Amino acid sequence: MIQAEGLTKRYGETQALAGVDFSVPAGTILGLLGPNGAGKTTAVRVLTTLALPDSGRGTVAGIDVVKHPGEVRRHIGVAAQDATLDPLLTGRQNLVLVGELSDMGRAPARARATELLAQFELTDAADRVLKGYSGGMRRRLDLGAALMTRPPVLFLDEPTTGLDPTSRQRVWEAIRELLGEGVTVLLTTQYLEEADALAHRIVVVDHGKVIANGTPTELKEASRSARLEVSLAAPDTDGRAAGAMAPLVSGRVHVSEDGRRLSAGVDASPGLATAVVRALDAAGVLVDNIEVRQPSLDDVFFSLTGGHIEGEDEDEAIGSAGGAAAASAGGGGKSAERQELEGVRA
Ligand SMILES: Nc1ncnc2c1ncn2[C@@H]1O[C@H](COP(=O)(O)OP(=O)(O)OP(=O)(O)O)[C@@H](O)[C@H]1O
Ligand SMILES: [Mg+2]
C-alpha cells in the first residue's frame, strides 16, 4: 500500500535520504525508527507529496507520488510532526475546516468532527481554542484531523513524542483500533517500545539509510546474544570474579567502574546462570544478583546505530581538541560510552 524505492533527497550538504527502500502491505503498520535527523520526516514528506525526491520512486496505493500527487492526497491522512492546526480556532472548528478543505461538505464535516472528538475524548474541550490544549490533547486532535476523511492510508510522524505515559497509551489504543478497521499505517517514532508495541515490521533508519528491516522479533534475534549481568557483594579488585566468569561467556567480561557489576554477552542456555554462580562460588566470590537479559529493542537499536545522537561528531571534535591523546582515544571513548549506556539500561 506504501512503497519507497531508492528514495534520495539532499538538503544542501545534508543527505537526508540516501537510497531508502521499504514497503507497507495493506492493513499493516510499519514503524520507521531512527534517531534525530535520521530522515524519518523527510521520508514521510516525500511519500505524502509535500517534498520531491531527488531520485527514486514512491507510491501510495500503487499511485506515483511525484506523477499524481493530487490523487495520492485523496488516499492519505497525515499527522505531521509540526503542528499544522490553527491555535486560534477551537478543536471542533479545526476539524470541520480540515473536512471542508477536503471537499467534505459542511454537514458531513460537522458530523464526522463530533464523532472524532468523542472517539479521542475531546468532547468536553471541543469548543475551546487550541491554544489552551495540553500537548496530549493536541496530539489526539492531530490524529483526529488525519482521520477526518476516513483515509485508508495514514502517516503518523512521531504521534506520541512528548506525551505522558497515559496519553501515549490512549494514542496507541486509537492506532490499534484503526488497524482493526483495516487502515494501513506508516508511523515514525524514536521510541523502541512504541515500535515494538504497535508495528508489524520495523525499519531502522540512520543517516538517511535503512540499517535494519524486520519484525520486532527478528530484530531482537538478530542482535546476537543475551547479556549476563552479575552484581557482586564486594568489588572485584583482583579480577578473580572476571577470571572465573570468562570461560563461560562469549567475548570480554566488562567490569563496571566501581568493580561491583560484571557483564558479558552469552549464548543463553538453560543452566547458564547456575554454572556462573558455581564458578564464582568456587572462586570465593560472593554474588548479590545474577540475571540473563534477553536483548531489548534498545539493545538492537544501540548496536545498530552505535548509540549515536545527532551532532555527536561535532561533540567528539570538540572533545578531541584537548590533545593528540584525546583524539586517538576517540573510538575507545565511544564504546565506553556505549557500555555506560548499557549499564544505565540494565
Ligand atoms: N528543509 C530542510 N532544509 C535543510 N535541511 C533539512 C530540511 N529538512 C530536513 N533537513 C535535514 O535532513 C536531515 C533529516 O531530517 P529529518 O527531519 O528527516 O529527520 P528525522 O528523522 O525526522 O528527525 P527527528 O527525529 O528529529 O524528527 C537532518 O539532518 C535535517 O537537518
Ligand atoms: Mg522528524
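The following paragraphs describe the overall makeup of a predicted model, its two ligand sites and several individual residues.

Residues are numbered from 1 along each chain as its sequence is written, and chains are lettered from A and ligands numbered from 1 in the order in which they are written. Because the model is predicted, local features need pLDDT of at least 70 and side-chain atom pairs count only at pLDDT 80 or more, while totals for chains, interfaces and linings use all residues; side-chain values use heavy atoms, with hydrogens and water left out.

The protein chain contains 14 helices and 14 strands. Helices (H or I, at least four residues) and strands (E, at least two) are DSSP runs, numbered from the N terminus. Of its 346 residues, 43% count as buried. Here buried means under 20% relative accessible area, exposed means over 50%, and partly exposed lies in between, with a 1.4 Å probe and protein chains only. The chain exposes about 16800 Å², of which carbon and sulfur atoms supply 51%; accessible areas come from the Shrake-Rupley method with a 1.4 Å probe, and for residues only the protein chains shown count as cover. Among contacts (heavy atoms within 4.5 Å) with a separation of 6 or more, residues 24 or more positions apart account for 65%.

Ligand 1 has 15 residues around it, of which Asn-36, Gly-37, Lys-40, Thr-41 and Thr-42 come nearest. A residue is near a molecule or strand if one of its heavy atoms lies within 4 Å of it. The shell divides into four nonpolar, eight polar and three charged residues. In this division Ala, Val, Leu, Ile, Met, Phe, Trp, Tyr, Cys and Pro count as nonpolar, Asp, Glu, Lys and Arg as charged, and the others, Gly among them, as polar. Oxygen atoms of ligand 1 take part in several pairings with the protein. A polar side-chain atom of Thr-41 lies 2.8 Å from an oxygen atom of the ligand. A polar backbone atom of Ala-38 is 3.1 Å from a ligand oxygen, and an N or O atom in the side chain of Gln-190 is also 3.1 Å from an oxygen atom of ligand 1. On its own, ligand 1 has 630 Å² of accessible area, and the protein covers 65% of it. The elements that give two or more residues to the shell are β2 (14–24) and α1 (40–47), with α1 giving the most, three residues.

Helix α1 is largely enclosed by the rest of the structure, because six of its eight residues are buried. The buried residues are Lys-40, Thr-42, Ala-43, Val-44, Val-46 and Leu-47. Thr-41, by contrast, is partly exposed, with a relative accessible area of 26%. The helix is followed by Thr-49, whose phi is positive, near 70 degrees. Most residues other than glycine have a negative phi. Thr-49 lies in the loop between α1 and β4 (55–60) and is buried, at a relative accessible area of 13%. A positive phi, about 65 degrees, is also found at Asp-103, which is not a glycine. Asp-103 belongs to the loop between α3 and α4 (106–119) and counts as exposed, at 71% relative accessibility.

The magnesium ion (ligand 2) is coordinated by Thr-41 (OG1) and Gln-81 (OE1), at 1.9 to 2.1 Å. Thr-41 lies in helix α1 and Gln-81 in the loop between β6 (76–79) and α3 (91–101), so the pair ties together parts that are 40 residues apart in sequence. Donors are N, O and S atoms within 2.8 Å of the metal (3.2 Å for Na, K and Ca); water is not among the atoms, so sites may look incomplete. Gln-81 counts as partly exposed, at 36% relative accessibility.

Two strand residues were also examined. Thr-188 is placed in strand β8 (residues 184–189) and counts as buried, at 0% relative accessibility. Its side chain makes a polar contact of 2.5 Å with the side chain of Asp-157. A polar contact is a pair of N or O atoms within 3.5 Å; within protein, one must be able to donate a hydrogen and the other to accept it, and residues adjacent in sequence count only if both atoms are side-chain atoms. Leaving aside neighbours within four places in sequence, the contacts of Thr-188 include Lys-40 and Val-44. Lys-209 lies in strand β10 (residues 209–214) and counts as partly exposed, at 47% relative accessibility.
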